[in-house]
Structure formats: C-alpha cells, structure tokens
Protein chains: 2
Amino acid sequence: MGEFELIARYFTRPTARAVLGVGDDCALLQPAPGTQLAISSDMLVEGRHFFSDVDPGALGHKALAVNLSDLAACGATPLAFTLALALPRADDAWLTPFSRGLFALADAHGCELVGGDTTQGPLNICITVFGEVPVIHGKSQALLRSGAKVADEVYVSGTLGDARLALETMRGTITLPAEMLAQARQRLEQPTPRVALGQALRGVATAAIDVSDGLLGDLRHILQASAVGATIDTSIAIHLIAACDRPDWSTGIISLEKQLDCVLAGGDDYELLFTAPVSARAAVQAASRLAHTPVTRIGRIDLEPGLRLIDSQGNALPRSFPSFDHFA
Amino acid sequence: MGEFELIARYFTRPTARAVLGVGDDCALLQPAPGTQLAISSDMLVEGRHFFSDVDPGALGHKALAVNLSDLAACGATPLAFTLALALPRADDAWLTPFSRGLFALADAHGCELVGGDTTQGPLNICITVFGEVPVIHGKSQALLRSGAKVADEVYVSGTLGDARLALETMRGTITLPAEMLAQARQRLEQPTPRVALGQALRGVATAAIDVSDGLLGDLRHILQASAVGATIDTSIAIHLIAACDRPDWSTGIISLEKQLDCVLAGGDDYELLFTAPVSARAAVQAASRLAHTPVTRIGRIDLEPGLRLIDSQGNALPRSFPSFDHFA
C-alpha cells in the first residue's frame, strides 16, 4: 500500500462545511462572518504519551480528544482538523481501528478532517484543530487564561486523578483491582473533551484552561496570565478522584496522600479548570446542566500571588506537588 | 531547561496580525472578510526527510519552506503557522540555529508563529501553515489541481533536479565536484517556496501544484484531478537542471539519462508546476516578471488520458520514471 492509497483508503472523506478537504495542496475553510478561528496543535509520541501496545482505536480517539480539549478550554466550536502521521509501516491492522476511533470522536463533534500528511518514521501523531469563536459587539467570546479576577471562584469539571492512577498501575508503582483499573484506564486512554461545557461557559467564565499537565500546574498558568493568586480547598478536591469515590474500593487500597497526588498533580485529565465571579454561580450551574457535565467549586482567586492549599479547617498544607514537564 | 522555558526562549514572539499568539490553549486568527483560509500540514522526520547531521538553521528554513510551498501552489498569501516539535533533548546548540532559520524565512513572508507543541521524542517537525485567498464575486481565487483544460500549456518555475543530484551525491551513488555539489545541496537543504509567483498566478493559471515528489508524479495529480492527459517535451525539460546547465561542469560528469531522471522524477524541488491557456501566455510572463521567478513552458494538456514524454522530434520516449512514495 502506497502513501496515496493509504490516504485515500483511511483518511479521505467528504466534507460538509469545509470548502475543500483532503486531496489538494491546501484545504480551504471559510469562517463565518464575525467569527474568529481558534487553532491548537498537539503532538503525541509513542512511549511518551502512550504505551506501544495501546489499543489503536483508543489512540485515534485520544489524539483528537486532546486537541478538542484545547478548543473546549477556549470556548470554541469545533470545525475541522488536519492529521500528520509518521508510521513505522502502513499496517491495516493498525490503521483501520485508529481511523475508526478518530472519526467516531470527530463525527460526534462535527469536526471534519480536511488535510494532513503521512510519512514513514517512528510513530508520531500530530493533529491541528480549528474551531470558531463568536465576536459579539466587537468583543471576542474566547475564554482565555488571562481573565481571572480577585474574588472569582475556581471550578473544575468532572473528575481528576484517575488517568494518573491507571498510568502508575501500568508502570507497576501501585496495584489496583481489575475493575478499578478498567475504569481508571478508560480515563487515561479515552478522555472526554469538555467541548459542550466550554461553549456553555462563554460569557460566564472569566478564565479557563484544560487540565493536561495536572490541576496545580495548569492553575498556575491561569494565575500567571491573570497576575493573581489562589487558594484551593484540598478537602473538596480529594473527592474528585472517581475510582476512589466508591467506599468499597478505596479503603486502604490507595493512600489519601497518593489520591491527593493524583488529583492535584496527576495530569492527562482533560477536564476544564475555570474561574467565574461569585455572582455567576447560577450561570455556572446552568452551563453545567446544559452541557451534562458536573462541575465542582474548589477554591477562590486571591490578590496575594502564589498558590495555597488548605484543609477543611482552613489550615495550610505543608506539601508541594510537582507538575508534569516534558523536558524536566 | 523545561518545556515552558524552551517555548518562551525560542518560540514566543509578539504577533502583529493574529488576535492571539503563543501562550494560551488556542491561538486566535481573524481572517479578513471575504477571504478563505488555506491550510496545509507537513511533517519532517529525521532520516527520511533530512540527514541527522543537517545544519539546524537550514532545517528550520526547510520545515517552513515546504509548507509555504503548499500555500504558493494554492495562490495563498501566508498569514501564520503552528509548530509541533519532538526533540530527543532540549539542546541550545540545536534550538538557537533552528529557530533562527525558521524565523528568518517566516519574517521574509510575514508569516507569524501562533502556537504549537513541544515534547520529548525522536526528532520530528510538524508545521501547519495558514494563508489567505481572496474570494472575488463569490468565486474563490485559490489555485486547485483540478482546473487544467485540454489545450492548456504546462509550465514549471525555476529549475528542477538539483536537489536530487545533491541527495544522490550524499548517498554516494554519484560523484559531483565540490562547487557543483554546494549549489545542488543549497537546493536540497534550503528550497525557495514560490510564494510570490503563486499569488501572481491567481486568475491566470488554471491548475497548480508544487513539485515535491518529482515533476511527473506531481503532474499526474493534476491530470487525475482534472481528468485530462499531457505531453511533456523532454528536450526542453532536460535543460531545467541548474547544476548541469554550465557547459564546463556538465560534460561527462552526469549522464544525460541521469540528468533526465533527476529533472523528471527527482523530488524535493518545491517549484510550481501549473497550467494556463494559450491565451494567457503574456499574463504568465507578466506574473513571472512580477514575482522575479523564471518559468518554462514544457508541454501541453491533452484530451487523451495519460502522460506522454517526447523528444525534440516529437517521438515518444520508451522509458518510465517512478515517483517518490513514502510507503512504496
């Protein structure tokens, strides 16, 4: 199978919204009048972002999911994506499930494949995704990291830390019962981008980011961009780990300290972390219901720079939590 | 040096035209009203697209050049690009010249870096580039592969085959004098995307493609997309190889057969191959002068499907030429 047959067989589909899709030198998009185009690019590398024996269908899902998660964090509506793929060989047993997993998620979000590249090389998946953000009365509705204000409240969607539990189990540093691992592994390998929530939070949230490197590390990006500080209530956050939230599972299997590690600094969660004023509490709940996505209020934005972790009594936690860094 | 410091140090620069550049979950572009966005993505892999000892500055240039060449083939005006980079390690001695070569070409074309990704992994460079194409009276001015008409003439810009001469010399299959190799190697490692010519050909050319896999292979894409055939005069094409166009060099060093191989099926040329009606000959020459880029008329489009190679007497050449394929 040659390069062009590979593209034709697995990655060429009709486009409904793009002016021109796969098959020419460029794809052509015509953004709706009065909108901005949101763009994000993520590269997944074997051994770094996924294990070499990962299910190709799950990998196709995840490669697009991490990009859609960036659109979600921006409040953008998905439009289209490009896929650049380096493969050791053109293998139908890999390409068929990979493209199925990819297109299942793409179709669920109306996000069209419009172009890309394929080449021989160590497995590497690079997706660039495009979304639309409205501009209303001259003001972009994009959610940025830089909009958090003092006294805003800090929210996070869904659950946190399960992906890290799965990762550590697969690395052999902890042991989980099979059923608990299956649930956690689903979060690691097939994350759900919070696209509907991101759009519902336009005009409600003051700042947003998606949690990819870990809650605290990603919160720091908001704090730096907004020039503020924050306090996080760890007695609330500790309950965000789904696999440990069943009393029959959690007792004694994973220490509370490890649970907090996973929640605060786990990474690979792809939940939305955002801020909103106290006056917007009802609007945040309405967005949560509209998007069928639970959200939890876990802290507040402070004038004082830095990040403070407190327990249920309001006392400071003495620990620090490193965040994920690809080159650290 | 961590991931965020690496991005801040080498790849964060102010943007003039993008609404939002590097540093948030997404970049934001606001295309001008009445324009379409042209998008192309290319992935370069060590050992496949470049030798591991290539000058990093030249590599930075080439990684963007091959993408700008796709915009050129579409007649698009460059706007912005994203860069996803997998690196074995964060090495200043590589990153400094790489980013310099990249930005020198980007600045020359007013093309802004607006986002991307960096990760640890086998060296892989994936750039996605964005350009603007006007829509006039409801008609997109993009140059497509599908517009060639019977009796159109076939043109190619600049010179062809030198990149392949350099590649074969570096692989040891042929031997070139040092001065001749230096000239050819410049073409292989620092190709010039024909961006100005592409824009000048809007409304003039009927179809266009950039020559990356070899003249004949890329011409076949136009023929398939346009459902036509073509005849190419090899007695003209043979003169397109620049390194062999100096009488003092060419005699006896490289056989005429090898020269024709390089011209017709060499690859890595990044010239524009395009078609235009006979009535547009003066307009093609005007576009060539405007863009300071020579063009040569090498053949014509036929009703009869397929690709015919003829000599100066109009006789068919009996040879066939394979085109480059990443998985063949």
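A:Leu303 sits in the loop between strand E11 (295-302) and strand E12 (306-310) of chain A. The model is predicted. In it, 56 residues of chain B are in contact with 56 residues of chain A. Chain B also holds an open sheet of six strands. The points below take these topics in turn.

- A:Leu303 counts as exposed, because it has 10 C-beta neighbours inside 10 Å and the limit for exposed is 12 or fewer.
- A:Leu303 and A:Val150 are 153 residues apart along the chain, yet 5.5 Å separates their C-alpha atoms.
- Neighbours within four places in sequence aside, A:Leu303 is in contact with A:Val150, A:Val228 and A:Gly229.

**The interface between chains A and B**

- On chain B, 56 residues are in contact with 56 residues of chain A.
- The elements of chain B that give two or more residues to this side include helix H1 (3-11), helix H2 (56-74), strand E2 (35-45) and strand E5 (124-136).
- E2(B) supplies the largest share of the side of chain B that touches chain A, with nine residues.
- By class, that side of chain B has 30 nonpolar, 16 polar and 10 charged residues.

**Helix packing in chain A**

- Two packed helices are described by the angle between their axes and the distance between the axes.
- Helix H2 (residues 56-74) and helix H3 (residues 92-108) of chain A pack at an angle of about 40 degrees. Their axes are 7 Å apart.
- The crossing in which H2(A) passes H3(A) is right-handed.
- From H2(A), the residues that meet H3(A) include A:Pro56, A:Leu59, A:His61 and A:Leu64. Among their counterparts in H3(A) are A:Trp94, A:Phe98, A:Arg100 and A:Leu105.
- The contact of H2(A) with H3(A) has 13 nonpolar, five polar and one charged residues.

**The sheet in chain B**

- The six strands of this open sheet follow the order E8-E10-E7-E11-E9-E12, with mixed pairing.
- E8 and strand E12 (306-310) of chain B are the edge strands, and each pairs on one side only.
- From one strand to the next, the twist averages 25 degrees.
- Strand E9 (residues 229-233) of chain B pairs with E12(B) in the parallel sense, over five bridges. B:Ala230 has B:Leu307 in E12(B) as its bridge partner.
- H2(B) packs on the sheet and touches E8 and strand E10 (272-276) of chain B. The direction of H2(B) makes about 170 degrees with that of E8(B).

**Two residues with positive phi**

- Most residues other than glycine have a negative phi.
- A:Ala227 has a positive phi, near 55 degrees. This alanine lies in the loop between helix H7 (215-226) and strand E9 (229-233) of chain A.
- A:Ala227 counts as exposed, with 11 C-beta neighbours inside 10 Å.
- B:Tyr270 has a positive phi, near 55 degrees. Its place is in the loop between helix H10 (256-265) and E10 of chain B.
- B:Tyr270 is buried, because 24 other C-beta atoms lie within 10 Å and buried takes 20 or more.

Conventions:
Residues are numbered from 1 along each chain as its sequence is written. Chains are lettered from A and ligands numbered from 1 in the order in which they are written. This is a predicted model: local features need pLDDT of at least 70, side-chain atom pairs count only at pLDDT 80 or more; totals for chains, interfaces and linings use all residues. Two residues are in contact if their C-beta atoms, placed from the backbone, lie within 7 Å. Helices (H or I, at least four residues) and strands (E, at least two) are DSSP runs, numbered from the N terminus. Ala, Val, Leu, Ile, Met, Phe, Trp, Tyr, Cys and Pro count as nonpolar, Asp, Glu, Lys and Arg as charged, and the others, Gly among them, as polar. Axes are lines fitted to C-alpha atoms, for helices over the stretch in contact, and angles run from 0 to 180 degrees between N-to-C directions. A crossing is left-handed if the near helix is turned anticlockwise from the far one by less than a right angle, and right-handed if clockwise. Two strands pair if DSSP finds at least two bridges between them.
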